[in-house]
Amino acid sequence: MNNSLKGKLALAFLLVFVAGAATGAFLGLHHLTHHIILGPPHSGDVQERMREHLRRALSLTAEQENKIAPIVDATSSKLETIRVETAERVRTVMEESKRQVAPLLTSEQQKKLDKLDSEHRRMMHLHGFLPAPPPKDNPPPPTP
């Protein structure tokens, strides 16, 4: 085997390794951001995931699935209520924090803070975590 062929084989192996590493990194990052960092499934997924998990883990019969369905539905509804209430509380605390921090910043820093807030809202919107609208009898305070 001559040196030219050895070099080409080494380069081919290196390219395959780099392609595999890049693919693994991409898939790992995707999994990390969509399954770990963003947390639990979106609200519509909880009910179906609960049903599927119980069905598989307990080897439920069709009759058992039918009897358990109302319990899963009620549990899912309660969990959704808790999720919405918690999201609203978090949003309120974060807005209050921003209102307290903003006056302490320069106008340039305030613009950066607004940009951070805008990016955060966009990311939350993209991933289905939409903030609850403000109550009609209590409109949101003006942003400084």
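Lys98 belongs to helix H3, which covers residues 62–101; helices here are DSSP runs of H or I with at least four residues, strands are runs of E with at least two, and both are numbered from the N terminus. The model is predicted, so that local features need pLDDT of at least 70 and side-chain atom pairs count only at pLDDT 80 or more, while totals for chains, interfaces and linings use all residues. Residues are numbered from 1 along each chain as its sequence is written, and side-chain values use heavy atoms, with hydrogens and water left out.

With a relative accessible area of 18%, Lys98 is buried; the term denotes under 20%, exposed denotes over 50%, and partly exposed lies in between, for a 1.4 Å probe and protein chains only. Ala69, Val72, Ser76 and Arg91 of H3 are buried as well. The side chain of Lys98 joins that of Asp114 in a polar contact of 3.0 Å. Such a contact is a pair of N or O atoms within 3.5 Å; within protein, one must be able to donate a hydrogen and the other to accept it, and residues adjacent in sequence count only if both atoms are side-chain atoms.

Helix H3 also has a kink of about 35 degrees at Ile68, shortly before the proline Pro70. The bend is the angle between axes fitted to the seven residues ending at a residue and the seven starting there.

Helix H2 (residues 43–58) contains Glu52, which is partly exposed at a relative accessible area of 25%. Its side chain makes a polar contact of 2.5 Å with the side chain of Arg55.
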